[in-house]
Amino acid sequence: MKNLVKAIIAIAVVCAALMYLVNSLDKTSSQGGTDILTVYNWGEYIDPALLKKFEKETGIQVIYETFDSNEAMITKVDQGGTNYDIAIPSEYTIEQMKQKDLLLPVDHSKIPNLKNIDEDFLDLDFDKKNEYSIPYFWGTVGIVYNPKMLKKDLDFTSWDQLWDPSLKGEVLLVDSAREVMGMSLNSMNLSLNSTDSTELNKATDKLIKLSPNVKAVIGDEVTQLMVNGDAPAALTWSGQAADMMYDNEDLTYSVPNEGSNLWFDNMVIPKTSKNVEGAHKFINFMLDPENAAQNADYVGYSTPNKAALKLLDPEVIHDERYYPSAEVRKNLHVYKDLGKEKIGEYNELFLKFKMSLQ
Amino acid sequence: MTKINTGSKVYLALVFIVLYAPIFFLIFYSFNSGDSMTNFKSFTLDHYKDVFADSRLVVILLNTVVVALLSALIATIIGTMGAIGIQTMRNRKLRNTVLSLNNILIVSPDVIIGASFLILFTMVGIKLGFISVLLSHIAFSIPIVVIMVLPKMQEMSNTLIDAALDLGASKKEVLTRVILPYIQPGIFAGFFMALTYSLDDFAVTFFVTGNGFSTLSVEIYSMARAGVSLTVNALSGIVFAVTMLLVLGYYFVTTRKVKGVRK
Amino acid sequence: MQNKRSGSLTLVPYYVWIALFVIAPIILVGYYSLLDLEGNFTFENYKNFLTPVYLKMTLSSFWYAFLITLFCLVVSYPAAFIISRLKNKQLWLMLIIIPSWINLLLKTYAFIGILGQSGPINAFLSAIGLEKQQMLFTSASFVFVSVYIFIPFMILPIFNSIDKLSPALLDASRDLGASRLYTLRRVMIPLTMDGIKAGIQAVFIPALSLFMITRLIAGNHVITLGTAIEQQFLVTQNWGMGSTIAVFLIIFMFIIMAFTGEKRKKGASRRDKN
């Protein structure tokens, strides 16, 4: 009994001490928080130095919170109880957020730096006239591969090369229905936004034929596996491919000619925002060429900021793997929100494919 | 004490090697001058410097520890009381039902617990942050405490309690002098497993947190897409080293004292 | 015995917890399970669950949970026994628990590195002239990492029940000519049954709903109900179907509890005999 009481007291004392320490370290709570901006973003998806610079320039305190999937982020914003001023979701999520009325319009007059964004990346289908969103990073879906590990000389200029028998048990796929189904649809020159059930079934049948070649269907750990040489080829996003190529120079990346997906992550202002003014300042700050370049350099993804491109390493911006030519871009398509019903169908067919792996 | 043969020692050593292998692996890479847990480039202490330079990360770590300790403590108290109560139940059917209810949070995947707690908290109007995270951690840790304490309660025969009562002990004395000392190992097991639950949890915390409050797990999972930085490895290395030192230090100080006093 | 009332008093906070954090969420989950994507009332989700895809998934979840629990028990029982005979047993026990406090995702990444083609195990294999093995993305590696995660949950309760066994009892049994196996089967296991049961509960039940490592370590070659629920909630955003699977998981758990729960108070008489 004495032991138990002692233990309880010890834990209580330790907790009190730690909480005191937190309070003295945590400036936001100690300053009483006059002007606060809460940013909701993926982890490691911004240069922390920029947050400090923003705080210095504007006097606004930044609270940085992180999420690990678009869908989980929506649930949080939708359910309330939070006050995010800036969130950085992917484009298909923005359509959903608009439908659910979770976003505030962005006032372009407060964002003079908007002129720095490449016009090709503005006024797109998911958000006409950029009423609610401003692009942050962009990229493609393609195949990252290790030529040294391939048994046959493949260059992945066509999706069909993934089905090559020499790749038996060697291909990694991302665990995401839209990407994998889209890849199969694209390989048959069909639209990755197809809603036609016969087309989708055809795509699934073709995927099931791919299953002997599939080593695994995985998530973000694809980076580690490709760098380590656990597999010679993987379907993945260009941003992750960039991370991989940085760590392993043998790797390279290709977007097949049949076309592929073009994706965006964008800054939005959720309806729960309590500092709309600050949110606009933040967006404008991030669009500043120098800041955008610094951020692109830190994160390693492709920036839509054409003024920032001039400040980046020319070798990178002329590398078509990171910044594909206009010709390749013609064949790239942005995902449309197909509605819950169709997304459900995509996921069910994808599950059917995954079950065929066992 | 029975002699332990070499075979047993080798077996136990193997178990420990496997248990610690991934930890040493990730600490090893915390000294990598590269930026991921792949191909070791050269030795550096930069990631350790980064830990101390990043006060946000340190705050998150401390928050994580506070939530874990407090939630495990409170869950252990409630869970132990629950286990004592369950053991005294006469109605077998009711008892089994309560035990089944107890296990629901263990069998439910974290996303479901997280989402339903989030709905619960916003309905009641609890501000998302430290309190909501603490309450959730207490909630999902209680069942494991009950599971750990219950076998000790079952072992303790009722005759022991009856004897104490017959000898004129008050109910309070029975609790503090008979029951609690007997089930103490179960209580500690429950506490440590509750700590594990709390430190490991990502999904529930993610859903119920807000207003700048974050834990290490949430931070690490959200890094997955852009790559988990080795700063986190360095931080884990520090946490691991400090924990080891505390446990070993505490253990040797207390055993010495006991020996000094009693022998 | 009088402590019936004091018993119910200690139950008050526990019941409050059950009401707020168990019953309320169950009602919520039950409610959602009856909704379709548009939020209309439907039994479609239940019909959907009773299709081959989900039944197959249920079977494989149970099969893997069984394997994980079995291996956990086989590894943990001797380990718990040996630790209980060591000099600094409490310290060794703590050393079993400590690894579980390091973040699971990090440890899983470490396992991907260890088990991978360029990992230390394959480096060792090729150093001694053997062929490299594909270990990741197999059901064996999935079971292995799951067992790794759950070991402390099995060792702790078993240790607690072995620890109070007096070595003299086992010696007596041996002196009376009982074989090692007989002593184990007839003396040790019955006396530590409560601990074993607690360990099985603490491993089997959460193992039913494992996710994450089904993807990270098994590369989706293993799909469990837990994975399916996570997908339904976070990817498809079909909370109705996700909740339905959860309802079934809860029902399965109730059935298991009904079967494993003690029927009569046999324990007392058994204990008295000993």
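Buried residues make up 52% of the 263 residues in chain B. That chain belongs to a predicted model, a complex to which the predictor gives an ipTM of 0.88 and a pTM of 0.89. Chain B touches chain A and also chain C. The points below take chain B first, then its contacts, then chains A and C.

**Chain B: overall build**

- Chain B holds eleven helices and zero strands.
- Read along the sequence, the pattern is α-α-α-α-α-α-α-α-α-α-α.
- Along the principal axes, the C-alpha atoms of chain B fill a box of roughly 70 × 60 × 35 Å.
- Take the contacts in chain B between residues at least 6 apart in sequence: 79% of them join residues at least 24 apart.
- An unreviewed UniProt entry places the annotation "domain: ABC transmembrane type-1" on residues 61–250 of chain B.
- Residues 61–250 of chain B are 84% helix and 0% strand.

**Chain B: two domains**

- Eight residues of domain 1 of chain B meet eight residues of domain 2 of chain B.
- On the domain 1 side of this contact in chain B, four residues are nonpolar, three are polar and one is charged.

**Chain B: helix 3**

- Helix 3 of chain B has 34 residues.
- From first C-alpha to last, helix 3 of chain B reaches 49 Å, close to the 50 Å expected at 1.5 Å a residue.
- Helix 3 of chain B is largely enclosed by the rest of the structure, because 29 of its 34 residues are buried.

**Contact between chains B and A**

- This contact takes 42 residues from chain B and 39 residues from chain A.
- Five elements of chain B each give two or more residues to the side that touches chain A: helix 3 (55–88), helix 5 (110–124), helix 8 (171–200), helix 9 (203–208) and helix 10 (216–223).
- Helix 3 of chain B supplies the largest share of that side, ten residues.
- By class, the side of chain B that touches chain A has 24 nonpolar, 15 polar and three charged residues.

**Contact between chains C and B**

- Here 83 residues of chain C are in contact with 80 residues of chain B.
- Helix 2 (residues 12–32) of chain C gives the most to the chain C side, with eleven residues.
- The side of chain C that touches chain B divides into 57 nonpolar, 18 polar and eight charged residues.

**Chain A: two domains**

- Chain A is divided into domain 1 (29–136 + 265–323) and domain 2 (139–262 + 333–355).
- The C-alpha centres of domain 1 of chain A and domain 2 of chain A lie 28 Å apart.
- Twelve residues of domain 1 of chain A contact twelve residues of domain 2 of chain A.
- The domain 1 side of this contact in chain A comprises five nonpolar, three polar and four charged residues.

**Chain C: annotated spans**

- An unreviewed UniProt entry gives residues 58–260 of chain C the annotation "domain: ABC transmembrane type-1".
- Residues 58–260 of chain C are 76% helix and 0% strand. The end C-alpha atoms of this span lie 20 Å apart.
- The UniProt annotation "transmembrane region", also from an unreviewed entry, covers residues 12–34, 62–84, 91–115, 135–159, 198–218 and 238–261 of chain C.
- Among these spans, residues 135–159 of chain C are 84% helix and 0% strand, with end C-alpha atoms 32 Å apart.
- Residues 198–218 of chain C are 71% helix and 0% strand, with end C-alpha atoms 28 Å apart.

**Chain C: confidence**

- Chain C averages a pLDDT of 86, and 92% of the residues score at least 70.
- Over residues 1–5 of chain C, pLDDT stays under 50. The model has eight contacts beyond four places in sequence for this stretch.
- Over residues 264–274 of chain C, pLDDT also stays under 50. Five contacts beyond four places in sequence are present in the model for this stretch.
- Where pLDDT is low, predicted coordinates should not be read in detail.

Key:
Residues numbered from 1 in each chain as written. Chains lettered and ligands numbered in written order. Predicted model: local features only at pLDDT ≥ 70, side-chain atom pairs only at ≥ 80, totals over all residues. Contact = placed C-beta atoms within 7 Å. Helix = DSSP H or I, 4+ residues; strand = E, 2+ residues; numbered from the N terminus. Nonpolar A, V, L, I, M, F, W, Y, C, P; charged D, E, K, R; others polar. UniProt positions renumbered as here; feature names shortened; annotations may be inferred. Domains from an automatic or database assignment. pLDDT = per-residue confidence, 0-100. Expected span 1.5 Å × (residues − 1). Buried ≥ 20, exposed ≤ 12 C-beta atoms within 10 Å, placed from the backbone.
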